[in-house]
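Hi,

Here is the structure I promised to pass on to you. Have a look at it first, and then read my notes below.

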Amino acid sequence: MRSMTTNERIDHLERLLEVVRGLTTAPDLEAFLQTVINEATELTDSELSSILEYDEAAEELRFLAMHWFQRDLLRPVGVPLDGSAAGWVYRRGQPLIIQDVRVDQRHFKVVDRVTKHITHSLVAVPLMVRGEVVGVLEALNKKDNAHYTEEDLTILETLAALAAQAIQNVALQRKVRATAIELAELERLKTDFIAIASHELRTPLGLILGHATFLREMTGEEYGEQLDMIIRNATKLKTIVENLSDVDNIQNGAARLRNQTVSLRKIIDEVVDTFQDEANSKNITLGSEGGGSPFHLDADGFKLSIALSNLVKNALQFTDSGGHVTIRVEEDDGYYKVTVTDDGIGIPARDLPRVFERFFQVETHLTRRYGGMGLGLAVAKAMIELHGGRIWAESEEGRGSKFTFLLPTGQSQHSPAAPGPFVEPS
Ligand code: ADP
């Protein structure tokens, strides 16, 4: 047996390297596998080679890649796991060399009959993906009646590893695509559910509140405590339902701005007033800064007030006794910039990018004790973006949080920031 020269070896390695490169550059799996079998044939001095893959439904091997002239003949052929060399390799996950098929019964003769080709010798290796055999690469008929060598086997094993990698890449891509479709579908279901639930809950809740309020007025103090409890909790539910439908309306584009000239200063003062009692009862200092100018803009004051209230509500909720919550407003290059700063528990860095998502809450045992639905910030974001503004959060765990939103003043040459995904300004 003639052994390879150094030059031949280098040539083989270079060609194998070229196949490796094809893993990322080949246009598709078929083209890549074609390269693999061409190189398998040439580098092992064989007449033919092919790649078979296991077909779970048919419980047999099928040809996945072959030389073009055999394509139509081989495509329909199934190779059984019993009574074939490829099946033997597939089952055991081990390579096989048969130097003379006449004395080895493992060769499957149907293929020869179909292709009118006579197999004399073969070498076959398994295609492994993470320890599992997914197919077989085989080369047939070493030229000049020579015997297959260990080197041929090594070359084939290298090519088989590359083919298996390519097959796995495609399978993973398919999985990623399928998962993306599934996620989109789940998102749609979630949106539908929110829309239906908030719509269906609104009417009965309105009735409960209306009748409970009526009874409260009629019965005086007799059942006052119980009725107050019903009214308080029904009002809480109403806020939740309103939050849900706010997010839904904004997402499906049904939300409309009722714009008029409003004063940001006034909105801030009103929000501070609304929350002053709650802040006092928690021993938190709540106040605003930024001077007395009115900060006029054309906007839906009600929606801005909801956005700001949600930020202040959170700041108070996540700040301990003795803490500070400060609202600040200033004009900044065509924008009004409003910040709500607290020195409370803060938000872990890993959760910060997600706090504006619907239903997101920082879930550690630390924050579990706080109520809420994880909607406040989603609503605030939606309201600010409806106005062509942006909102973001900065925070450090244990030190406090700062929520900022920008609203175009409408007086500048700058185009307003497009509503879009949350982007942290650098
Ligand atoms: P919720 O209505 O549950 O408060 P939000 O959407 O308003 O939902 O907020 C989402 C989560 O972000 C909260 O559950 C909380 O974990 C975190 N968070 C929001 N604001 C603050 C803040 N000022 N300090 C600390 N954590 C906050």
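**What I found**

The face of helix α1 turned away from its buried side carries the exposed residues Thr6, Asn7, Leu13, Glu14, Thr24 and Thr25; exposed means over 50% relative accessible area, buried under 20%, and partly exposed in between, with a 1.4 Å probe and protein chains only. Helices here are DSSP runs of H or I with at least four residues, strands are runs of E with at least two, and both are numbered from the N terminus.

Before going further, two notes on the source. This is a predicted model, in which local features need pLDDT of at least 70 and side-chain atom pairs count only at pLDDT 80 or more, while totals for chains, interfaces and linings use all residues. Residues are numbered from 1 along each chain as its sequence is written, and side-chain values use heavy atoms, with hydrogens and water left out.

Back to α1: His12, Leu16, Val19 and Gly22 are buried there. Seen down the helix axis, the buried residues fall within an arc of 100°, so they line one face of α1 (the arc is that of the directions from the axis to the C-beta atoms). They pack against α2 (29-43) and α6 (150-219), where contact means heavy atoms within 4.5 Å.

**The whole chain**

The chain has 10 helices and 13 strands. Its radius of gyration is 35 Å, well over the 22 Å that the globule rule gives for 426 residues, so the chain is more spread out than a compact globule. That radius is taken over C-alpha atoms, and the rule is 2.2 Å times the number of residues to the power 0.38. Along its principal axes, the C-alpha trace spans about 105 × 50 × 40 Å. Buried residues make up 44% of the 426 residues.

**The cores**

A nonpolar core is a set of buried Ala, Val, Leu, Ile, Met, Phe, Trp, Tyr and Cys residues joined through side-chain atoms within 4.5 Å. The largest one has 51 residues, and Leu264, Leu308 and Val312 have the most contacts inside it. Helix α9 (residues 301-317) gives the largest share of this core, eight residues. A second, separate core of 27 residues includes Leu43, Leu137, Leu159 and Ala164.

Asn310 is also found in α9. This residue is buried, with a relative accessible area of 5%. Leaving aside residues up to four places away in sequence, Asn310 touches Gly376, Val379 and Ala380.

Best wishes
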